Amino acid sequence: MTAPTPGPPPASDTPPTTPPTLLVLDTDPLPRLGRLTGRARVEHADESTLADRLPYADVLLVWDFTSHAVRHAWPGEGPRPRWVHTASAGVDHLMCPELTASDTVVTNARGVFDQPIAEYVAALVLAMAKDLPRTLELQRAREWRHREGQRVAGTRACVVGSGPIGRTIARTLKALDVTTALVGRTPRTGIHGPDDLDRLIARADWVIAAAPLTEQTHGMFDARRFGVMQPSARFINVGRGQLVVEDALAEALAKRWIAGAALDVFEHEPLTADSPLWGLPGLIVSPHMSGDTIGWRDELGRQFVELYERWEAGRPLLNVVDKQRGYVPGR
């Protein structure tokens, strides 16, 4: 999506004496911004200094996308950056009423994580169908126990979330000959609406959550929804942890309402060592890594630099978030 961009003042015969100030909410390793040398005055902040430095920034890069510092710092006094970019697909960690109501443009890292997450979901589907976690356990125990796996081709999947990640998951599963239904915020060609969700998950072998976190999606997978699923179904969440009522999932697994689940995102991260989720039967736990492949940080840095160059030139920005909806609108 493109939108008018609140970029720097138009060029004149007398160039500005100082470049725009780019404030980076840091985490290690730092982004590689060498291409912006001389074109941006790069400053750095952490959670303790962000509020003081926001009024002096033209652009904010939220490199530490696990932090909620922007949400807390934004309502303060003074000017605010004209553009905020987060190096993540989700934006719920930074949105607050004051930012939503402002003229500041918000962009995200749409496009970077689509294929890696889709591959990760496909790997989970295959691993659970072929009982690979149990195979590894038996290998460590040096125990030879023949079992039968499930055929993936011909099964049904319901992917909840019709953005680029959800659509890429659907395409990848179709390549495995999985019949896939996609559910989005509004029904349109090739995409079901929320009213179809219960009917679709009741028939699905695989229910995959890839939706953004909004008021409508918060806690959408609760005891009722897990009760709708068939006993042979498996649930996968690669969206946001708050989409799932974790106690309800724990009950569904313990009582075998569903056959298994895999969570890559959680309500509170990192998952503490004493969390009961670690020991739930049939649950695969991974540490929010489904979209993280070798070189992913460099790709995020390149994406931001390309966006900055568009902003610098006064061209419309890509990946503009609808701040009311909480995601980048798409087809």
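**Strands, loops and a pocket**

Modeller: Strand E7 (residues 156-160) is mostly covered, with four of its five residues buried. Buried means under 20% relative accessible area, exposed over 50%, and partly exposed in between (1.4 Å probe, protein chains only). Strands (E, at least two residues) and helices (H or I, at least four) are DSSP runs, numbered from the N terminus. This is a predicted model, in which local features need pLDDT of at least 70 and side-chain atom pairs count only at pLDDT 80 or more, while totals for chains, interfaces and linings use all residues. Residues are numbered from 1 along each chain as its sequence is written, and side-chain values use heavy atoms, with hydrogens and water left out.

Biologist: With which strand does E7 pair, and in what sense?
Modeller: E7 pairs with strand E8 (residues 179-183) in the parallel sense, over five bridges. Two strands pair if DSSP finds at least two bridges between them. Arginine 156 stands opposite threonine 179 in E8.

Biologist: And E4, which of its residues are buried?
Modeller: In strand E4 (residues 59-62), Val59 and Leu61 on one side and Leu60 and Val62 on the other are all buried, so both faces are covered. In a regular strand the side chains alternate between the two faces of the sheet.

Biologist: Which strands does E4 pair with?
Modeller: Strand E2 (residues 21-25) pairs with E4 in the parallel sense over four bridges, and leucine 23 has leucine 60 of E4 as its bridge partner. E4 also pairs with strand E5 (residues 83-86), in the parallel sense and over four bridges. There, tryptophan 83 of E5 is the bridge partner of valine 59.

Biologist: Changing topic, how many disulfides are there?
Modeller: A search of the whole structure finds zero disulfides, a disulfide being a pair of cysteine sulfur atoms within 2.5 Å.

Biologist: Is cysteine 158 buried or exposed?
Modeller: Cysteine 158 counts as buried because its relative accessibility is 1%. Cysteine 96 is buried as well, with a relative accessible area of 6%.

Biologist: What is the relative accessibility of glutamate 269?
Modeller: Glutamate 269 has a relative accessibility of 39%, so it counts as partly exposed.

Biologist: What is phi at arginine 256?
Modeller: Phi of arginine 256 is near 60°, a positive value in a residue other than glycine. Arginine 256 lies in the loop between helix H9 (246-254) and E11, and it is exposed, with a relative accessible area of 64%.

Biologist: Finally, which residues of the second largest pocket lie nearest its centre?
Modeller: Leu213, Thr214, Glu215, Gln324 and Arg325 lie nearest the centre, out of 18 lining residues. On a 1 Å grid over the protein atoms alone, a pocket is an open set of points where a 1.4 Å probe fits, with protein on both sides within 12 Å along at least five of seven lines, and lining residues have an atom within 4 Å of a point.
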